[in-house]
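Please read the report below alongside the sequence and the coordinates.

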Amino acid sequence: METLPNHNKLLTYRALQCAAAELGVNVSDLQIASVSGGFSRNRRALVSAGDRTIFVKEVDVDLLPDAGERELAWLKKDYGVTQLLQKLHPQYVADWTKLAGDGYVLMTTSYASADGWLWQPSAEKFVAKRYISAVVAATRELENTQLADEVIEELQLQPFTTAELGLDDGIDRVIAEADIRRQLIDNYRTLLPEQSEVNQQRCQKIIRLLSERDKLADISAHAKQFAKQPENCFDHSDVRSDNLAFQPQTGELKLVDWNWASYAPRGSGATEFLIDMARHGQDVTPWLDELNAEMLAAFVGFYLIRSLKPPLQPGDNLRQMQALSAATAYDLLERT
Ligand SMILES: Nc1ncnc2c1ncn2[C@@H]1O[C@H](COP(=O)(O)OP(=O)(O)O)[C@@H](O)[C@H]1O
Ligand SMILES: [Mg+2]
């Protein structure tokens with residue numbers, strides 16, 4: 001390992017051995033490249049030998065506070081769901097995937113930016129429009145996936161969205177506690193100057209909302225309706241641009257990171273994705289009909305209260321992202 005100083009930053013020797021075995025070469029013949037994005041604490045890289053490249057993701061317990069049970073279960077679920085979808089919706093998942101190294105190493109087909117795959121909306125308007133359309137259409141098609149109860153149980157696809165979101169007490173705490181409202185207003189004022197113009201307007205709008213009791217009560221009531229919606233639609237449940245690759249030349253779309261997949265209310269995937277797109281400055285006007293308004297209402301309080309938590313790691317922008325997501329969800333809610 002000491003002879004591979006650059007390699008062991010991205011992947012451990014265990015993952016390199018798995019990749020070398022898969023590619024039929026020695027570990028010393030591997031070329032390793034970093035990838036952008038990702039929010040988990042797993043290691044990941046693109047690994048090449050000759051003209052073949054694969055994507056490798058690895059659970060390294062040295063990077064985790066525990067023995068990695070949660071991450072290992074996520075990797076296993078990601079693998080299991082991808083395999084299932086290779087039969088049902090092959091166009092939306094990696095063509096090839098393999099769990100190796102005692103379940104610590106997941107290998108999949110590479111969809112690298114170097115080969116033209118987009119891991120964020122394109123700066124070109126018409127490409128971004130095709131990209132958003134493709135993702136929304138995919139979430140709609142995936143919703144109709146019917147699975148036997150045994151499969152749902154085995155892959156842990158049981159619903160959790162309405163309980164987690166619709167029954168979240170965030171909005172009611174915001175209504176009940178003046179201190180929380182003051183803190184949120186302060187945060188938005190701090191955040192505001194660094195934002196794009198459209199996000200500045202959203203921050204101002206939610207600052208106004210925070211002193212309007214009746215409107216907050218409306219949102220709370222609306223969010224509680226979300227908890228009553230049937231959760232009968234298959235959903236990726238983490239549809240964001242860093243979890244999907246789009247090939248603008250061919251229109252192909254691949255979703256990765258299936259560890260949150262579950263049954264959820266109709267429109268959940270599209271709604272989550274359109275919040276992400278709007279926050280990134282994309283105009284989502286053509287897809288307003290796709291939004292689940294009750295889910296948007298539920299997101300407002302859910303993200304507001306989480307944005308007040310301390311950062312996960314010093315300097316990360318998770319809490320800012322949550323504050324902007326709350327403001328974006330509110331803005332979209334007003335437009336439905
Ligand atoms: N099959 C793949 N080919 C190329 N790059 C990938 C692939 N899968 C993921 N990536 C890159 O790695 C990043 C994180 O991958 P992901 O599986 O979402 O990890 P995490 O669980 O940390 O979110 C993605 O945003 C993308 O940039
Ligand atoms: Mg991810």
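Predicted model: local features only at pLDDT ≥ 70, side-chain atom pairs only at ≥ 80, totals over all residues.

Residues are numbered from 1 along each chain as its sequence is written, chains are lettered from A and ligands numbered from 1 in the order in which they are written, and side-chain values use heavy atoms, with hydrogens and water left out.

**Salt bridges**

Side chains of opposite charge can pair when their charged atoms come close. A salt bridge is taken here as a side-chain nitrogen of Lys or Arg within 4 Å of a carboxyl oxygen of Asp or Glu. The count comes to 18 salt bridges by this rule. The table gives some of the pairs.

| Pair | Closest N to O distance |
|---|---|
| Arg 266 and Glu 143 | 3.2 Å |
| Glu 71 and Arg 70 | 3.8 Å |

Asp 60 lies in the loop between strand 3 (52–58) and helix 3 (69–88) and Arg 43 in strand 2 (residues 43–49), so the pair ties together parts that are 17 residues apart in sequence. Helices (H or I, at least four residues) and strands (E, at least two) are DSSP runs, numbered from the N terminus. Asp 60 counts as buried because its relative accessibility is 8%, and Arg 43 is likewise buried, at 15%. Buried means under 20% relative accessible area, exposed over 50%, and partly exposed in between (1.4 Å probe, protein chains only).

Arg 266 and Glu 143 also form a salt bridge. This pair links distant parts of the chain, 123 residues apart: Arg 266 is in the loop between strand 9 (262–264) and helix 11 (268–279), and Glu 143 is in helix 4 (residues 125–143). Arg 266 is partly exposed at 48%, whereas Glu 143 is buried at 4%. Both residues belong to a network of salt bridges that links Arg 140, Glu 143, Arg 266 and Glu 290.

In the pair of Glu 71 and Arg 70, Glu 71 is buried, with a relative accessible area of 3%, and Arg 70 is partly exposed at 46%.

**Charged patch**

Glu 212, Asp 214, Asp 218 and Glu 334 form a patch of negative charge on the surface. Patches are made of residues with over 30% relative accessible area and no salt bridge, like charges being joined within 9 Å and nonpolar side chains (Val, Leu, Ile, Met, Phe, Trp, Tyr) within 5 Å. Asp 218 is placed in helix 10 (residues 213–226) and is exposed, at 54% relative accessibility.

**Cysteines**

How many disulfides are there? The count is 0, a disulfide being a pair of cysteine sulfur atoms within 2.5 Å. Cys 18 is buried at 14% relative accessible area, and Cys 203 is buried at 0%.

**Single residues**

Phe 126, in helix 4, is exposed at 56% relative accessibility. Phe 126 and Glu 197 are 71 residues apart in sequence, and their C-alpha atoms are 21 Å apart in space.

Asp 102 has a positive phi, near 60°, although this residue is not glycine. Asp 102 sits in the loop between strand 4 (97–100) and strand 5 (105–109) and is exposed, with a relative accessible area of 71%. Gln 156, also a residue other than glycine, has a positive phi near 55°. The place of Gln 156 is the loop between helix 5 (149–154) and helix 6 (161–166), and Gln 156 counts as exposed at 52%.

Technical notes: Areas by Shrake-Rupley, 256 points an atom, 1.4 Å probe, with all protein chains shown as cover. Lys, Arg positive; Asp, Glu negative; His and termini not counted. Charge placed at Lys NZ, Arg CZ, Asp CG, Glu CD.
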